[in-house]
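Let us walk through this structure together, one region at a time. Have the sequence and the 3D view ready as you read.

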Amino acid sequence: MKIAILGFGTVGSGVYEIAKTLKNIEVKKVLEKDLSKINIATDSYDEIINDKEIELVVECMGGLHPAYEFIMKAIQNKKSVVSANKAVIAKYLDEFLKTSKENNVEFRFEASVGGGIPCLASIQKIRRVENIDKFYGIFNGTSNFILDNMYRLENEFFRSLKSAQKLGYAEADPSADIDGYDVTNKVIINFALAYDGFIKNEFPCFTMKNITKEDILYFKKQGFVAKYIGEATTKSNEYEASVMLNLFPINALEANVLSNYNIITVQSYTMGEVKFYGQGAGKLPTANAIIQDILDIQAKISFNPISIEKKYTYSSNLFKHKYVIRSNEELKGNFERIDKDRDNFYHYTKEITQADLLKLVEEKGYLVVKLSEY
């Protein structure tokens, strides 16, 4: 199979590197502004689209535009597409699937969630047998590196962030990772395969950048480790989802996920809890997932047809959970307990709904942490 790669950065070059080792995949063109990077580079997308020999396009550009336009143009010209771009997939998945079906080609996106971890394929396999009750996990390696660094080395948040940037785990603008946009996109994509529905980012997403070294040390004394978690579950045609810090007991698996690793849990009736652990990003793990998609398309392997026709409504009153709210003053309310540590007040709520939580915190910049039930 002859393919083209859009973008020759970290992931794109990784796809090329692995493809060179395989006899049944040939990279014919690479879309790249810097033509000196590789001898098969072109800066003309039309050159790729008009090449009848190219059957598949790998999109490694990132961002919404022109990635959206390039993906749609490839599909409309009857070329299958494989993408790792969670931002564009979370926003336009319905269009990509509809258009690929109309043109009798494939749109695959395993690498968009969990890097090289085969999470999405595994969800599809589980769905062949039964429904999924819930999923949750550490979906973002950058945020996990920061929290792990704060916990083990007792560093402040921004010092840990700078360490992540120095090692290449965090971008110069880290907002997608620390404000939860990246995890939100991955929850939306996971939800599509787990529940056959395409939701939007209308569920709560709390930034993690409010957490301090003092918070980490306080929670450590209580026997907890903070992790940044995305999760979702459904009840009939309603769903609940969130992206926020969770507190896990120190013996929980999630509490012991170190550095920039991910762990994603899927729960169903006969399987119980299944956990997928590994590198959630990086050049070769992500490229491996892309190559796996290409090989599946080539071999006409499909674990479960993707359908996102089911309609769900977000509900902030679906389930009740316990939370911890940290502020620099004692809040009024019916709390289970309130601890004072240095200048901070830690308010432990009773079991309340997301709606109740949002009323309590509004937009006042409090630290909000969920007491994990897992």
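We begin with open space: the second largest pocket holds about 900 Å³. This is a predicted model, in which local features need pLDDT of at least 70 and side-chain atom pairs count only at pLDDT 80 or more, while totals for chains, interfaces and linings use all residues. Residues are numbered from 1 along each chain as its sequence is written, and side-chain values use heavy atoms, with hydrogens and water left out.

How is such space found? Rolling a probe the size of a water molecule over the atoms shows where empty space is left. On a 1 Å grid over the protein atoms alone, a cavity is a set of points where a 1.4 Å probe fits but cannot get out, and a pocket is an open set with protein on both sides within 12 Å along at least five of seven lines; lining residues have an atom within 4 Å of a point. Grid points are joined across faces, edges and corners, and a volume is the space filled by probe spheres set on the points.

In the second largest pocket, 40 residues form the lining, and L97, F107, F109, P305 and I306 lie nearest its centre. Helices α4 and α5 (119-127), strand β6 (107-108) and helix α11 each supply at least two lining residues; helices (H or I, at least four residues) and strands (E, at least two) are DSSP runs, numbered from the N terminus. By class, this lining has 18 nonpolar, 10 polar and 12 charged residues. Here Ala, Val, Leu, Ile, Met, Phe, Trp, Tyr, Cys and Pro count as nonpolar, Asp, Glu, Lys and Arg as charged, and the others, Gly among them, as polar.

P305 and I306 turn up again in the lining of the largest cavity, together with Q124, R127, L193, D196 and N304. That cavity holds about 50 Å³, and a search of the whole structure finds 1 cavity of 30 Å³ or more.

Now turn to the largest pocket, with a volume of about 1300 Å³. Of its 49 lining residues, V11, M61, G62, K86 and E171 are the closest to the centre. The lining has 19 nonpolar, 19 polar and 11 charged residues. Which helix gives the most to this lining? The answer is α9, with 4 residues.

Exposed means over 50%, and partly exposed lies in between. Its 15 residues should span 21 Å at 1.5 Å a residue, and the end C-alpha atoms of α9 are 21 Å apart, which agrees; the expected span is 1.5 Å times one less than the number of residues. Just after α9, D196 takes a positive phi of about 60 degrees.

Because 7 of its 10 residues are buried, α1 is largely enclosed by the rest of the structure. Those buried residues pack against β1 (2-6), β2 (26-31), β4 (54-59) and α11, where contact means heavy atoms within 4.5 Å.

Our last stop is strand β13 (residues 323-327), where 5 of 5 residues are buried. Y323, I325 and S327 cover one side, with V324 and R326 on the other, and all are buried. β13 pairs in the antiparallel sense with β16 (residues 367-371) over 4 bridges, and V324 has V369 as its bridge partner there. β13 also pairs in the antiparallel sense with β15 (residues 344-348) over 4 bridges, where R326 has Y346 as its partner. Two strands pair if DSSP finds at least two bridges between them.

Conventions
Buried means under 20% relative accessible area, exposed over 50%, partly exposed in between (1.4 Å probe, protein chains only).
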